[in-house]
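Please consult the sequence and the structure below alongside the text.

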Amino acid sequence: MYFRIYTCVSTVLLQAICFEREMNGVVSCRVQVNCSSIKPSLEVDHHPKSSVSSSISLKPLLEELKLQNPILHHVSRTIKEASVGLLDALVDSVFEFVDQPLLPCQSNFAPVDEIGEAVDVSGSVNGRIPNDFPAGVYIRNGSNPLFGGLKSTMSIFGKSSHCWIEGEGMLHALYFFKDGDDRWMISYNNRYVESETFILEKARKKPAFLPAIEGDSLAILSAYLLNYLRFGIENKILSNTNVFEHSGKMYSAAENYIPQEIDILTLETKQNWDVNGAWNRPCTSHPKKVPGTGELVITGAHLEKPYLELGVISTDGNKLLHKVDLKLNRCSLCHEIGITERYNVIMDFPLTLDINRVLRGGPLIKYNKEDYARIGVMPRYGGADSVQWFAVEPSCIFHILNCYEQDNEVVVMACRTRDSIIPGPDFGLNKFEWFSKRFKQIDDESDEESFLSRAYEWRLNMQTGEVAEMNLTGANHSMEFPMINETYIGRRNKYGYTKVADPKSSSISGMAKYGGLAKLYLDEKKLESSSDEKQHEDTIKVEYHDFPENTFCSGAAFVAKPGDVKEDDGWIITYVHNENSNTSHVYVVDAKNFSEEPVAIIDLPRRVPYGFHGAFIPYEESVC
C-alpha cells in the first residue's frame with residue numbers, strides 16, 4: 001500500500017517540477033508511471049523545449065492520470081499553489097528526525113558552539129613562534145551540524161540519513177599579529193558560515209531540510225522533491241569543505257553551491273560569490289590560481305547536463321573570462337581541478353552522482369570500480385573539443401597534490417585509493433562495520449575493499465597519448481589531504497606534504513583519524529627493493545612526523561617563509577586534538593626539520609572538532 005501511495009504522491013511532485021521547468025523553458029520531462037506499479041520513472045531531456053519534442057507530452061499524461069485517479073484531478077494544481085506552511089505540516093506529520101549517535105571514540109566529531117568573541121591565546125604558546133613566521137590568519141573549515149549533530153529521518157518511505165560529510169560549515173581561525181614591541185599577539189575565534197539555508201534552519205530552531213544523499217531510494221526521492229518544492233533547492237548549502245583567497249577576499253566553499261565571501265577578521269558571512277551573476281552553478285571546493293597571471297580556474301558539477309563546466313575568473317575576481325561545457329556523459333564527483341602553466345587538468349573518475357539511479361532504486365552517489373577512468377588535459381581557454389583524454393586505471397581520486405609540464409608530458413600527482421569513502425555502504429548494511437573494515441591496515445595492496453590512500457603519479461605524453469602511472473608511496477602508510485608550497489602550484493615541485501592516517505584508531509572509531517604528517521621528497525627516488533617488499537615500501541624518500549598517542553590533526557596547511565627562499569622554507573601548521581586530555585591545540589612544525597618536535601604548540605580555549613581543509617593567509621594577501 002505504501003508503495004502505491006508513494007508512487008502517486010511522487011508522480012504529482014515530479015509533475016509539479018516538470019511543469020515549472022517546462023514553463024521556464026529549462027527542460028522537457030517525461031514522466032512514466034502507473035499507480036499500480038512499484039517505481040515511477042522520470043526521464044529528463046536536458047535541452048530547451050523548443051528544440052526537442054517529448055515522446056509523451058505533459059498535458060495528455062496529466063489527463064490520463066486524472067482519468068485513472070479521480071482523486072488526483074486537482075492535486076497537481078493544489079500542490080503547486082500550496083504554501084510552504086502546508087508542505088511543512090506534511091513533512092512534520094510524515095517524517096521524524098532522529099539523532100545519529102556518536103560512540104565515545106567519535107566524540108571529537110561532535111559539533112561545538114560559537115565562542116562569540118575572539119580569545120587572546122598569546123600566553124598559551126609552548127615553545128616559540130619564529131621571528132620570521134609571517135603575520136596572517138590560519139583558518140580551517142569543517143562540518144559542525146546544527147541541532148546537536150547529524151540526523152536521519154524515518155517515514156513511510158523508509159530511512160534517509162545525513163552522510164558524514166554533511167553538516168553546516170564552521171570556521172576556526174587563529175590570528176597572528178605583532179605588536180609595536182615585535183611581540184606575537186595571537187587570538188582564536190570560531191563562527192558558522194551563515195548560508196541562506198543555515199539562516200533558515202536557525203530561525204526555525206529545528207531541522208528543515210530532509211537528508212537527501214544517503215538512504216532508501218524512496219526516502220531519498222521524497223526528500224529531494226520535498227526540499228525542492230519547499231525551498232527551491234534539493235539540499236541544504238554545506239559550505240564546510242575549504243577556504244580560499246582570491247583578489248584579497250576570503251571564501252568558504254563546498255561542492256553543492258557557489259562560494260560565500262567571508263570577512264577574514266570577524267568571520268562574518270558577507271555574500272554569495274557568483275562573479276557578478278556570470279557563474280550560476282555549484283563550484284569546486286579547490287579552485288586553482290594560475291601561475292603568473294593570478295587568474296582563478298574553477299569547475300562546477302551538476303546532476304543534469306551540462307554535467308561539468310569549467311570557468312576562468314579574472315585576477316580581480318570581477319569577471320568570468322571563460323566558461324565551457326566539458327561535455328561529460330556522466331556527473332563525476334570531480335572534487336578538485338588541476339592546472340599547469342598552460343593547461344587545465346580534469347579528473348573524470350567513476351565516483352558519480354545520478355538522480356535517475358535513485359529513481360531506479362539505487363544510491364545517489366556510487367563508486368563503480370568496473371567503470372572507466374580518464375584524465376583530461378586542455379588549453380587554459382580551450383573548448384570541449386580541445387580536451388585530450390588519457391585512459392587510466394580505475395580508482396578513486398579526491399585530492400590532487402600538483403600538476404606540471406615536463407618536456408612532452410603533463411605530470412599529475414594525487415592521493416589515490418581503490419575504494420571510495422564517500423558516501424559509504426549500500427543502505428541497509430552496517431555502516432560502522434563497513435567503514436571499520438576498510439580503515440584497517442592491509443597486507444595486500446591489491447585489496448579493493450580498503451581506504452589505503454597512496455601518493456600516485458601519472459605521466460601523460462601529449463604527443464604519443466601514452467600513460468605511465470605508478471605509486472609514489474607504499475602500503476605501510478595511508479596518506480590524504482595533500483598540500484604544497486602554493487607558489488609552486490602548476491609548476492614542478494620537489495616537495496609535497498600530507499596527513500597520515502592512523503589505521504588502528506580509524507578502524508576502532510569507524511571514522512578517519514590522522515595521527516601524523518608526511519613530507520614527500522618527490523625528486524629523490526629510493527633504490528629498488530625486492531618484489532615482496534616493493535608494494536609496502538615508499539618509492540620516493542618520505543619523512544614522517546608522528547603525533548603523541550591518541551592525538552590527531554585536521555586542516556593542515558603549508559606556511560611559506562617570506563622572501564626569496566627555498567621551496568621547503570616554511571612550516572606546516574595544523575589543528576590537533578588530544579583525545580586523552582580532550583584538549584585542542586595548534587602545532588607549528590618546521591618543514592626543514594620535519595621529524596623533530598613542533599617549534600610551537602598553542603593551547604586553545606575550546607575543543608576544535610576534526611574538520612576538512614585549512615589555509616594560511618598572510619595579511620598582505622587579504623583585505624585586512
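**Helix H5**

Helix H5 (residues 196–204) has Thr197, Phe198 and Glu201 as its buried residues, buried being under 20% relative accessible area with a 1.4 Å probe and protein chains only. Viewed down the axis of H5, these residues fall within an arc of 105°, so they line one face of the helix; the arc is taken over directions from the helix axis to the C-beta atoms. The model is predicted: local features need pLDDT of at least 70, side-chain atom pairs count only at pLDDT 80 or more, and totals for chains, interfaces and linings use all residues. Residues are numbered from 1 along each chain as its sequence is written, and side-chain values use heavy atoms, with hydrogens and water left out.

**Around H5**

- Strand S10 (184–192) is included in what covers the buried residues of H5.
- Lys205 follows H5 and has a positive phi, near 60°.

**Three-stranded sheet**

- An open sheet has the strand order S20-S23-S24, with antiparallel pairing; strands pair if DSSP finds at least two bridges between them.
- Its edge strands, S20 (331–332) and S24 (365–367), each pair on one side only.
- Ser332 stands opposite Thr352 in S23.

**Second largest pocket**

- Among the 50 residues lining the second largest pocket, Ile484, Asn485, Glu486, Thr487 and Ile489 are the closest to its centre.
- S35 gives the most to this lining, with six residues.
- A pocket is an open set of points on a 1 Å grid over the protein atoms alone, where a 1.4 Å probe fits, with protein on both sides within 12 Å along at least five of seven lines; lining residues have an atom within 4 Å of a point.

Key:
Helix = DSSP H or I, 4+ residues; strand = E, 2+ residues; numbered from the N terminus. Buried < 20%, exposed > 50% of the residue type's maximum accessible area, 1.4 Å probe, protein only. Contact = heavy atoms within 4.5 Å.
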